[in-house]
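Hi everyone, thanks for coming. Let's take a first look at this structure together.

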Amino acid sequence: MAISNTELARAVYGKRDLRAAQDAMVAVEPDGDGFWTVYNSEGVARTVDPDAAVCDCEDMQYNDPPEGCAHVRRVEMIRGARRVPDVRLDVVLRKKLDEEAG
Ligand SMILES: [Zn+2]
């Protein structure tokens, strides 16, 4: 059986980097105080402190991944602190990165 592009990308980048790059999310820093709010496609809001790699989601609570959950990683990608996988990106992230690049 051939390996799919999705499986290949997951093996190369890891599932959380892929989720951070591809899942529909909107990340905002409403008060400019370092705390970000990351909304998923259902409108559920997570609070992220990227400097401390902290998020209030279940993945962090139960799995405590060493480099943080997908929400932390999304914010890091926006801030240029994490490599963005060379895959088709969530349109919101694509737009944000294009804005940052000028
Ligand atoms: Zn999270």
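Among contacts between residues at least 6 apart in sequence, 48% in the protein chain join residues at least 24 apart; two residues are in contact if their C-beta atoms, placed from the backbone, lie within 7 Å. Before I go on, please keep in mind that this is a predicted model: local features need pLDDT of at least 70, side-chain atom pairs count only at pLDDT 80 or more, and totals for chains, interfaces and linings use all residues. Residues are numbered from 1 along each chain as its sequence is written.

So what is the chain built from? It has 5 helices and 4 strands, counted as DSSP runs from the N terminus (helices are H or I, at least four residues; strands are E, at least two). In sequence order the pattern reads α-α-β-β-β-β-α-α-α. The radius of gyration, taken over C-alpha atoms, is 14 Å, close to the 13 Å that the globule rule (2.2 Å times the number of residues to the power 0.38) gives for 102 residues, so the chain is as compact as a globular protein of that length.

Now, the inside. Buried residues, those with 20 or more other C-beta atoms within 10 Å of their own C-beta, make up 24% of the 102 residues.

Finally, Val75: leaving aside neighbours within four places in sequence, Val75 contacts Ala27, Trp36, Val38, Val48 and Pro50.

Technical notes. Buried ≥ 20, exposed ≤ 12 C-beta atoms within 10 Å, placed from the backbone.
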